[in-house]
Amino acid sequence: MFQIIFTSDYEIHANGDGDPYKLMVETTERQMDFLAEYGGKLTILADVPEIMKYEEYKLKYGEDKYHYDAIINQLRKAVATGHDVQLHIHSSYMKAEYEEGNWQQNWDEFNLAALSYERINEIVAECKGKLEEEIRKEVPGYNCHAFRAAGWSMSPTKNIYRALVNNGINIDTSVWKNGKYRGNIDFDYSNAHDALIPWFASEDDIATLDPDGKMLEIPIYCEDKPLYSFITPIRIFRTIRSRFHKHTVSEKNKKDVYKADTGKETSSGGGGKLGKLFRKYPFKLDLNYPTGRQLIGMMKNIEKNYAGIEGKIPVVVSSHSKSFVRGNESAVKSFMKYLHSNPDKYEFAIFGDVDREYFRNFDYKRI
């Protein structure tokens, strides 16, 4: 049995551009309704520092310009109706200042994992506390226990691992097999323990198994695919749309964004332009970009490659609220119909449904 865990990073664009109501509230409401039609549950990974800034603006200026109330009400409603909310942190918002009509982020704190243990612990404690405080007003038993890093980066691991565990967070879901990035965040998950099966992670390296570890890594399922697999209608649509929709940020913020991150995702393979055509690239199980056929094909690969394993195995599906457009719905509908029509293989779940102790004693030689 596979437990399908749908996740969505709940945020606007990283440079601060965009209407939170359109990019977070409206899209997430559609996503939850769409999944619930087939019995699916959505885990919202709420970017709490960003949301706290929206509250700060409301309190300072007496205007709910960033729709703070609608955001908080949606998070409470999600948990109350069987969906889930867990933690996501863009740490550059923690000391952001509102200037020139934009949030001028503190790009020195862009990479949470690279900060000192004391600073990470302070940020995690404040953000987790805020999330629990607000949601418990509607759902008293709510507990924040899972995390996804901004930019997928849990590297370097030691300080962020210790801070998360110290604050009662025992699940991370940032790793995707063979994912790499070089820039202001810098990670390499080439040696991730597995593409699907969770593992208790080492304090020194989130991608490495430590049977005595305190943090369970539940990876985002990923396969290596040739470059042409990435050419899908929704990617073409988004590429064309980006030509006509430029992010509206101040000149100061634009320069700081560029200084903060000039890196890119990388992959293994031959060098040069010709080499790129023959490489394989990590292709995440994601609701925003693949076609319905691709999503179903990935599930069939899981069925084949992990056949015979007893117990319930979580399958994490990623997405972003800001990227969930109408064009995604046909692909997601096909995917949901496939899952729903195979109840002997799939059930819909949240992270709280995962049996942690099952993986404490899991025999990875069976994979």
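In the predicted model, helices α3 and α4 are roughly perpendicular to each other, because their axes cross at roughly 75 degrees and angles from 65 to 115 degrees fall in that class. The two axes come within 9 Å. On the α3 side, the contact is formed by Tyr68, Ile72, Leu75, Arg76 and Val79, which meet Lys130, Leu131, Glu134 and Ile135 of α4. Sorted by class, the residues of this contact are six nonpolar, no polar and three charged. Helix α4 spans residues 117-135.

Helix α3 also packs against α2. Two packed helices are described by the angle between their axes and the distance between the axes. For α2 (residues 48-61) and α3 (residues 68-80), the angle is about 135 degrees and the axes are 9 Å apart. The crossing of α2 past α3 is left-handed. Here Ile51, Tyr54, Glu55 and Lys58 in α2 meet Tyr68, Asp69, Ile71, Ile72 and Leu75 in α3. The contact of α2 with α3 holds six nonpolar, no polar and three charged residues. Tyr68, Ile72 and Leu75 of α3 are listed in the contact with α2 and again in the contact with α4.

A further partner of α3 is α1. The axes of α1 and α3 come within 10 Å and cross at roughly 20 degrees. The pair is therefore roughly parallel, as angles under 35 degrees are counted that way. This crossing, too, is left-handed. From α1, the contact involves Pro20, Tyr21, Met24, Val25, Thr28, Glu29 and Met32, and from α3 it involves Ala70, Ile71, Gln74, Lys77 and Ala78. The residues of the contact of α1 with α3 divide into eight nonpolar, two polar and two charged. Ile71 of α3 takes part in this contact and also in the contact with α2.

Aspartate 19 sits in the loop between β1 (2-10) and α1 (20-36). With a relative accessible area of 28%, aspartate 19 is partly exposed, because the value falls between the limits of 20% for buried and 50% for exposed. Its C-alpha lies 7.2 Å from that of tyrosine 66, although aspartate 19 and tyrosine 66 are 47 residues apart in sequence. Apart from neighbours within four places in sequence, aspartate 19 is in contact with Ile12 and His67.

Histidine 67, one of these two contacts of aspartate 19, lies in the loop between α2 and α3. Histidine 67 is also partly exposed, at 24% relative accessibility. Its phi is positive, about 60 degrees, although histidine 67 is not a glycine. Asparagine 178 likewise has a positive phi, about 70 degrees, without being a glycine. Asparagine 178 is placed in the loop between β7 (171-172) and β8 (180-182). Most residues other than glycine have a negative phi, and most peptide bonds are trans. The bond from serine 155 to proline 156 is cis, with omega near -5 degrees. Proline 156 is found in the loop between β6 (146-149) and α5 (157-166).

The cysteines were considered for disulfides, of which the structure holds zero. For cysteine 144, the closest cysteine sulfur is that of cysteine 127, at 9.4 Å. This distance is too far for a bond, because a disulfide requires two cysteine sulfur atoms within 2.5 Å. Cysteine 144 is buried, with a relative accessible area of 0%. Cysteine 222 also counts as buried, at 5% relative accessibility, since the limit for that class is under 20%.

Over the chain as a whole, there are 11 helices and 16 strands. Of the 367 residues in the chain, 57% are buried. Among contacts in the chain with a separation of 6 or more, 77% join residues 24 or more positions apart.

Conventions: Residues numbered from 1 in each chain as written. Predicted model: local features only at pLDDT ≥ 70, side-chain atom pairs only at ≥ 80, totals over all residues. Heavy atoms only, no water. Axes fitted to C-alpha atoms, helices over the stretch in contact; angles between N-to-C directions. Helix = DSSP H or I, 4+ residues; strand = E, 2+ residues; numbered from the N terminus. Left-handed = near helix turned anticlockwise from the far one by under 90°. Contact = heavy atoms within 4.5 Å. Nonpolar A, V, L, I, M, F, W, Y, C, P; charged D, E, K, R; others polar. Buried < 20%, exposed > 50% of the residue type's maximum accessible area, 1.4 Å probe, protein only. Parallel < 35°, antiparallel > 145°, perpendicular 65-115°, else oblique.
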